[in-house]
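Subject: Structure handover

Hello,

Here is the structure for you to look over. My notes follow below it.

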Amino acid sequence: MSSRRRFYARPLLATAASVVVLTGVAATTPAATPTTGGSSSAAAALDDTYYQDALGKTGTALKSSLHSIISEQTTLSYSQVWDALKATDEDPADSSNVILLYTGRSQSKSENGGDTGDWNREHVWAKSHGDFGTATGPGTDIHHLRPEDVQVNSTRGNKDFDNGGSAVSGAPGNYTDGDSFEPRDAVKGDVARMILYMAVRYEGDDSFADLEPNDSVSNGSAPNIGRLSVLKQWNQEDPPDSFEQNRNEVIFDRFQHNRNPFIDHPEWVEAIW
């Protein structure tokens with residue numbers, strides 16, 4: 001990190017609903033409804049069916065069980081990702097729009113592409129970290145692909161995640177420096193859970209690299225992303241909200257037919273790492 005690092009001293013996101021939608025973020029950003037994974041009747045039903053082989057395990061045993069469970073999925077082509085994101089990230093207040101991950105802006109679904117002002121497909125686990133490109137597999141897995149403003153996507157680039165840096169133009173609440181990117185508070189946990197999903201789903205037992213988080217912010221093209229200690233902190237401070245939970249359901253029901261287990265059970269992050 002640069003010498004401009006800011007110490008992370010914001011209030012815990014779970015302590016008050018008012019901190020979920022940041023000042024300066026579009027008013028259409030869906031408000032968070034924090035939950036504790038596994039406590040609802042829906043989560044209990046998943047425990048009896050989808051997650052039954054993972055219950056009661058910790059550490060590498062839990063990670064291995066979850067890998068087996070979530071690897072059963074339908075894959076998409078990179079072109080199919082466009083339409084999938086229009087469904088997974090639909091603005092609940094305006095069905096003609098999507099919510100962009102880092103900016104929180106509500107934007108027309110039709111304004112997608114590569115021009116300034118458009119939204120495009122952000123790989124939260126940067127595709128150069130493991131060199132998987134946009135091939136079917138990690139390159140098209142919509143559990144970590146999100147709509148984002150073209151220029152903000154470029155600013156994030158392939159940087160690791162950490163706290164600190166300078167404010168990102170056009171994306172209030174986001175910060176960056178030479179080696180890392182800090183997303184706005186309302187999606188810190190989302191980012192953490194997407195990264196850790198990828199680490200469980202892609203274990204090197206197919207044609208792709210074994211993706212693993214670590215505590216570095218200088219991973220280059222290695223199949224690693226950090227900073228794990230910060231991602232764990234973000235998972236605790238920003239629990240899954242209704243938007244993130246709905247997204248998980250849409251992916252499961254309509255597209256890949258697998259789930260991000262850390263949205264259903266955020267406590268499994270600490271149980272594994």
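Where is Asp 131 found? Asp 131 sits in the loop between E4 and strand E5 (145–149). Keep in mind that this is a predicted model.

I start with the backbone. Phi of Asp 131 is near 55 degrees. That is a positive value, and the residue is not a glycine. Most residues other than glycine have a negative phi, and most peptide bonds are trans. There is also a cis peptide bond, running from Gly 226 to Arg 227, with omega near 5 degrees. Arg 227 belongs to the loop between strand E11 (224–225) and helix H6 (228–237).

Next, helix packing. Two packed helices are described by the angle between their axes and the distance between the axes. Take helix H3 (residues 78–88) and helix H7 (residues 242–255): their axes come within 9 Å and cross at roughly 135 degrees. Angles over 145 degrees would count as roughly antiparallel, and 65 to 115 as roughly perpendicular. H3 and H7 are therefore oblique to each other. The crossing of H3 past H7 is right-handed.

Which residues of H3 and H7 meet? From H3 come Ala 84, Leu 85, Ala 87 and Thr 88. From H7 come Phe 243, Arg 247, Val 250, Ile 251, Arg 254 and Phe 255. By class, the contact of H3 with H7 has seven nonpolar residues, one polar and two charged.

A search of the whole structure gives eight aromatic pairs. One of them joins Trp 82 and Trp 119 edge-to-face, at 5.4 Å centre to centre and 65 degrees between the planes.

Last, a sheet. Strands of a sheet pair through backbone hydrogen bonds, either parallel or antiparallel. Here three strands make an open sheet, ordered E1-E2-E3, with antiparallel pairing. Strand E1 (90–91) and strand E3 (106–108) are at the edges. Each has a single partner strand, so one side of each is left without a neighbour in the sheet. Two bridges link E1 and strand E2 (residues 94–99) in the antiparallel sense. Asp 91 stands opposite Asp 94 in E2.

Best wishes

Methods
Residues are numbered from 1 along each chain as its sequence is written. This is a predicted model: local features need pLDDT of at least 70, side-chain atom pairs count only at pLDDT 80 or more; totals for chains, interfaces and linings use all residues. Side-chain values use heavy atoms; hydrogens and water are left out. Axes are lines fitted to C-alpha atoms, for helices over the stretch in contact, and angles run from 0 to 180 degrees between N-to-C directions. Helices (H or I, at least four residues) and strands (E, at least two) are DSSP runs, numbered from the N terminus. Angles under 35 degrees count as roughly parallel, over 145 as roughly antiparallel, 65 to 115 as roughly perpendicular and the rest as oblique. A crossing is left-handed if the near helix is turned anticlockwise from the far one by less than a right angle, and right-handed if clockwise. Contact means heavy atoms within 4.5 Å. Ala, Val, Leu, Ile, Met, Phe, Trp, Tyr, Cys and Pro count as nonpolar, Asp, Glu, Lys and Arg as charged, and the others, Gly among them, as polar. Two strands pair if DSSP finds at least two bridges between them. Rings of Phe, Tyr and Trp (its six-membered ring) pair if their centres lie within 6.5 Å; planes under 30 degrees apart count as stacked, over 60 as edge-to-face and the rest as tilted.
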